[in-house]
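The following exercises concern a single protein chain. Each task is followed by a solution in steps.

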Amino acid sequence: MRTVDRQMRFVIGIGFAHSLLHLLSLLSTSCLDRMLFLPSVCVQLRRRITVLERDLDRAEERASQAESKVRSQEAEIKRTSEQLKSLEESEGQSGEREEMLESCLRDLEEKYRSADSRADEGERRVSQLDHQLEALDQEINSWKDKHAKTKKELDEVLSEFNDM
């Protein structure tokens, strides 16, 4: 029995060894194929790395330019914001000034209306006074005429009286 066991072990060992040898042969072929394939992969990878480095440089340059534009636009926004604040303050002051001027304008319009109505009243009064003056001038002239007539009559009477 021992010999049979030994023979069996030997046969199993030989089969295993053949299988192992066949597996090693396949592995060595695969390794050789990979070894032949690796240099071309390395070249491709180097090319890919070079392209990626160039792309990275370009992306970094674009990012730098974009950051510069962002800083410039932030500065412009800040200036615009300051100008807006200044304009809002000016608008507030202008609004107050506008209200003050509108109030002044209303006062002046009221004064104008008052002065205009006084002027109209004054013109009517002047017209009345002109009529009264004309009437008084006519009355004075009438009295002068009467006076002159009376004086003439008196002179005539005196003259007659002196001639007597």
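**Exercise 1.** Of the 164 residues of the chain, what percentage count as buried?

*Solution.* The model is a predicted one. A residue counts as buried under 20% relative accessible area. Of the 164 residues, 1% count as buried. The chain exposes about 15700 Å², of which carbon and sulfur atoms supply 58%. As for secondary structure, the chain holds one helix and zero strands.

**Exercise 2.** Classify phenylalanine 161 as buried, partly exposed or exposed, and state which patch includes this residue.

*Solution.* Phenylalanine 161 belongs to helix H1, which spans residues 2-163. Its relative accessible area is 57%. The threshold for exposed is over 50%, so phenylalanine 161 is exposed. Patch membership requires over 30% relative accessible area and no salt bridge. Together with Leu154 and Leu158, Phe161 makes a nonpolar surface patch of about 320 Å².

**Exercise 3.** Which backbone oxygen does the side chain of threonine 80 reach?

*Solution.* Threonine 80 is also placed in helix H1. With a relative accessible area of 38%, threonine 80 is partly exposed, because that class lies between the 20% and 50% limits. Its side chain reaches the backbone oxygen of glutamate 76 at 2.8 Å, and the cut-off for a polar contact is 3.5 Å.

**Exercise 4.** Which residue lies over the face of tryptophan 143?

*Solution.* Lysine 146 lies over this face, at 4.7 Å from the ring centre. The distance cut-off for a charge over a ring is 6 Å. For pairs between aromatic rings, where centres must lie within 6.5 Å, the count is zero.

Definitions and conventions. Residues are numbered from 1 along each chain as its sequence is written. This is a predicted model: local features need pLDDT of at least 70, side-chain atom pairs count only at pLDDT 80 or more; totals for chains, interfaces and linings use all residues. Side-chain values use heavy atoms; hydrogens and water are left out. Patches are made of residues with over 30% relative accessible area and no salt bridge: like charges are joined within 9 Å, nonpolar side chains (Val, Leu, Ile, Met, Phe, Trp, Tyr) within 5 Å. Accessible areas come from the Shrake-Rupley method with a 1.4 Å probe; for residues, only the protein chains shown count as cover. A salt bridge is a side-chain nitrogen of Lys or Arg within 4 Å of a carboxyl oxygen of Asp or Glu. Helices (H or I, at least four residues) and strands (E, at least two) are DSSP runs, numbered from the N terminus. Buried means under 20% relative accessible area, exposed over 50%, partly exposed in between (1.4 Å probe, protein chains only). A polar contact is a pair of N or O atoms within 3.5 Å; within protein, one must be able to donate a hydrogen and the other to accept it, and residues adjacent in sequence count only if both atoms are side-chain atoms. Rings of Phe, Tyr and Trp (its six-membered ring) pair if their centres lie within 6.5 Å; planes under 30 degrees apart count as stacked, over 60 as edge-to-face and the rest as tilted. A charge sits over a ring if NZ of Lys or CZ of Arg is within 6 Å of the ring centre and within 35 degrees of the ring normal.
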